[in-house]
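Thanks for coming, everyone. I have a short tour for you today. Please bring up the structure on your screens.

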Amino acid sequence: KLFLIVSVAVAVGMTGCKTARVESVQTEPQVHPLALISDDLSIYMSVPVKKHQDLVSKIVCSVVNGMSESNAMTICERTDMLYSGLGTVKDRSRLETASFTKVSKFEVGQVMTKKNGFDKETVLFDSGEMTKYKSNASNFEIAFPSTKILCMSQNVNPMLDKFSQRCEVKETEYNKWISQKSDDILFYITRPGQYLRNLIGQTVSVGTDVIYGSISYLPDRKKPDQYSGRYNLSFYIHLTNKKAASALNALLSLSFSMMGGSVTQTDPETLYLSDIEITDRQIAELFTRDPITGKHYRVVGDEVIEESVKK
């Protein structure tokens, strides 16, 4: 949703500009968008937007009222890779997004105006000052630290600070996973908690510490040239207790065999679930819903604990 808010304005502004100034970007600092994402989030994901233009444009049009398909496609054409992180222990709504998006300074100046619902603000850092824009229609802030990067969050200052320091991508397991070269959407969940129930449709009491996987497009066999809206979900579940692996394997195999999915054990502590068919609507819900409902779950440290419900 964070990506969509500013992309709509950018797309509309781009399609309305008849001419654009040619800018030199040779002196711009080279910072990877993924280096701007915080390291305490619950879900990390990467989206090769140009490989999933139909999906991204469909989500844009469904979330933003009045958004045309042509403007949605313009967003996709301007964006290469998108990286996003969602949810912390203290703030489940925290969302950070950074992407490789080609937007010139001239276009930014034409689009990010008060008329279009944005307030401009200057932020000072040790290395100098940077500009951000606050949306009047939401609680999100947007910034273009370079003509190749777009970043957004409820508070974009930490991301701009990382850019000003020329931070590099940290060598973490989740960064390694989502940085792989792939045409698929890659995701890594650092605090499984309720997400496991969202992924498999049932609550599992067995402890897990990470879940990571991919989402790939599933074309229609009869009409391969038309967008099917169907995707294949595959992911690994890493267990904290390897003694429970065989029991969970049997339970999940029974459940998913009726839906055409499969479950295999790749090592003593890891299960691999594959061939799970989902729709584009389910993908949007998976990554935009709150990770914790707050009704029947409580957070203790880094753990999400399910509590019994009194009726």
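**Charged pairs and ring pairs**

Let's start with Asp39. Asp39 is partly exposed, at 43% relative accessible area. Keep in mind that this model is predicted.

What does the side chain of Asp39 meet in a salt bridge? The partner is Lys170, at 2.6 Å from N to O. This pair links distant parts of the chain. Asp39 sits in the loop between α1 (2-16) and β1 (43-48). Lys170 sits in the loop between α5 (157-164) and α6 (173-178). The two residues are 131 residues apart. Lys170 is partly exposed, with 48% relative accessibility.

Side chains of opposite charge can pair when their charged atoms come close.

How many salt bridges does the structure hold? The count is 10. Let me show you some others.

Take Glu96 and Arg94. Their side chains meet in a salt bridge, 2.8 Å from N to O. Are these two buried or exposed? Glu96 is buried, with a relative accessible area of 1%. Arg94 is buried too, at 13%. The cut-off for buried is under 20%, so both values qualify.

Now look at Asp119 and Lys114. They form a salt bridge, and their closest N and O atoms are 2.8 Å apart. Asp119 is partly exposed, at 26% relative accessible area. Lys114 counts as exposed, at 65% relative accessibility.

Salt bridges can also join up into a network. Here, Glu121, Lys132, Lys134 and Glu141 are linked that way.

On to the rings. There are 10 aromatic pairs in this model. One of them is Tyr188 with Tyr212, and this pair is stacked. The ring centres are 5.6 Å apart, with 15° between the planes. Which parts of the chain does this pair tie together? Tyr188 lies in strand β8, residues 185-189. Tyr212 lies in strand β9, residues 208-217. So the pair ties together parts that are 24 residues apart in sequence. Tyr188 is buried, at 9% relative accessibility. Tyr212 is buried as well, at 18%.

Next comes Tyr217 with Tyr231. This aromatic pair is edge-to-face. The centres are 5.4 Å apart, and the planes are 65° apart. Tyr217 is in strand β9, and Tyr231 is in strand β10, residues 230-239. So this pair ties together parts that are 14 residues apart in sequence. Tyr217 counts as partly exposed, at 29% relative accessibility. Tyr231 is buried, with a relative accessible area of 1%.

Ring pairs link Tyr44, Tyr174, Trp177, Tyr188, Tyr212, Tyr236 and Tyr272 into a cluster.

Let's stay on strand β9 for a moment. Ser216 is found there. Ser216 counts as buried, at 18% relative accessibility. What does Ser216 touch, beyond residues up to four places away in sequence? The answer is Asp184, Tyr231 and Asn232. Also find Ile278, which is 62 residues from Ser216 in sequence. In space, their C-alpha atoms are 10.0 Å apart.

Last stop: Thr208, also found in strand β9. Thr208 is buried, with a relative accessible area of 18%. Set aside its neighbours within four places in sequence, and Thr208 is in contact with Pro192, Leu196, Ile237, His238, Leu239 and Thr240.

That's the tour. Thank you.

Key: Residues are numbered from 1 along each chain as its sequence is written. This is a predicted model: local features need pLDDT of at least 70, side-chain atom pairs count only at pLDDT 80 or more; totals for chains, interfaces and linings use all residues. Side-chain values use heavy atoms; hydrogens and water are left out. Rings of Phe, Tyr and Trp (its six-membered ring) pair if their centres lie within 6.5 Å; planes under 30 degrees apart count as stacked, over 60 as edge-to-face and the rest as tilted. Helices (H or I, at least four residues) and strands (E, at least two) are DSSP runs, numbered from the N terminus. Buried means under 20% relative accessible area, exposed over 50%, partly exposed in between (1.4 Å probe, protein chains only). Contact means heavy atoms within 4.5 Å. A salt bridge is a side-chain nitrogen of Lys or Arg within 4 Å of a carboxyl oxygen of Asp or Glu.
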